[in-house]
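Here are a few notes from going through this one, set down as numbered points. Have the structure open as you read.

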Amino acid sequence: MILKFIIVLAHLQAILIPIFIGIISINKLNHIKNLKLISWGFVSLGLASMFEMIDHTQTEWIYIDHSSFFNWLFYSLLSIGLTFLSISTIKNKYLILTNLLTCILAIVSYWIFGKSLTLFFQVLISIFLIINWQRKFKDWIFIAYPIFGIFLTTFLGIKLSLSANQIWHIFIGPSGTISVLAFYLVLNRSRKRFQEI
């Protein structure tokens, strides 16, 4: 019972923190040209966690590797959120189109080819995001995204899938939230640098 409560809290924070950051970004990060994409990117990440949480209510909060409508919404909104964050920093129409096409492929491939191909497209989305943000911000704090948002969440997800020990489930949401906070810190630090110019 306590473990389930902690898992629920871990998921709640993964919903509330990105949505809160998306809302406060509207007034705080006006030095970013595509600010609405930044805000919607954060909100999409929070909504992705909400649909994952709804999906878990169908499995009594026990992680099961399966395909479902809510699981598809989780992966879709995760792809959309990361894509919005990625394209918010670029001007090249070809690169924007490539990012958007990859996002659409991630969303569509879930039902046609399964989660494996969706995850492949999400890896591409993450690579685009890392390249675009590193070019734009050149901030060492951004290293937290690949560490916590990609490697650690993947490691914890694999441990959870292989062991079925739900203790690993507790750490996945907070690990993703650390990468969301890293995004916000990078944006906030860029605002301070922009004001100094």
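Predicted model: local features only at pLDDT ≥ 70, side-chain atom pairs only at ≥ 80, totals over all residues.

1. Thr 102 is buried, because its relative accessible area is 7% and the cut-off for buried is under 20%. This residue sits in helix α4. Setting aside neighbours within four places in sequence, Thr 102 touches Phe 121, Leu 124, Ile 125 and Phe 128.

2. On to the largest nonpolar core, which has 35 residues. Among those with the most contacts inside it are Ile 38, Phe 42, Trp 133 and Leu 129. Helices α2, α3, α4, α5, α6 and α7 each supply at least two of the core residues, and α3 gives the most, with seven.

3. Leu 129 deserves a look of its own. Leaving out neighbours within four places in sequence, its contacts are Leu 82, Leu 85, Ser 86, Phe 142, Tyr 145 and Phe 183.

4. Now the rings: the whole structure has 15 aromatic pairs. One of them is Phe 51 with Phe 70, stacked at 6.2 Å centre to centre with 15 degrees between the planes. Phe 51 belongs to α2 and Phe 70 to α3, so this pair ties together parts 19 residues apart in sequence. Phe 51 is buried at 17% relative accessible area, while Phe 70 counts as partly exposed at 24%.

5. Tyr 75 and Tyr 110 make a tilted pair, 6.0 Å between centres and 35 degrees between planes. Tyr 75 is in α3 and Tyr 110 in α4, 35 residues apart. Tyr 75 is buried at 12%, and Tyr 110 is buried at 2%.

Definitions and conventions. Residues numbered from 1 in each chain as written. Heavy atoms only, no water. Core = buried A, V, L, I, M, F, W, Y, C linked by side-chain atoms within 4.5 Å. Buried < 20%, exposed > 50% of the residue type's maximum accessible area, 1.4 Å probe, protein only. Helix = DSSP H or I, 4+ residues; strand = E, 2+ residues; numbered from the N terminus. Contact = heavy atoms within 4.5 Å. Phe/Tyr/Trp six-rings, centres within 6.5 Å; stacked < 30°, edge-to-face > 60°.
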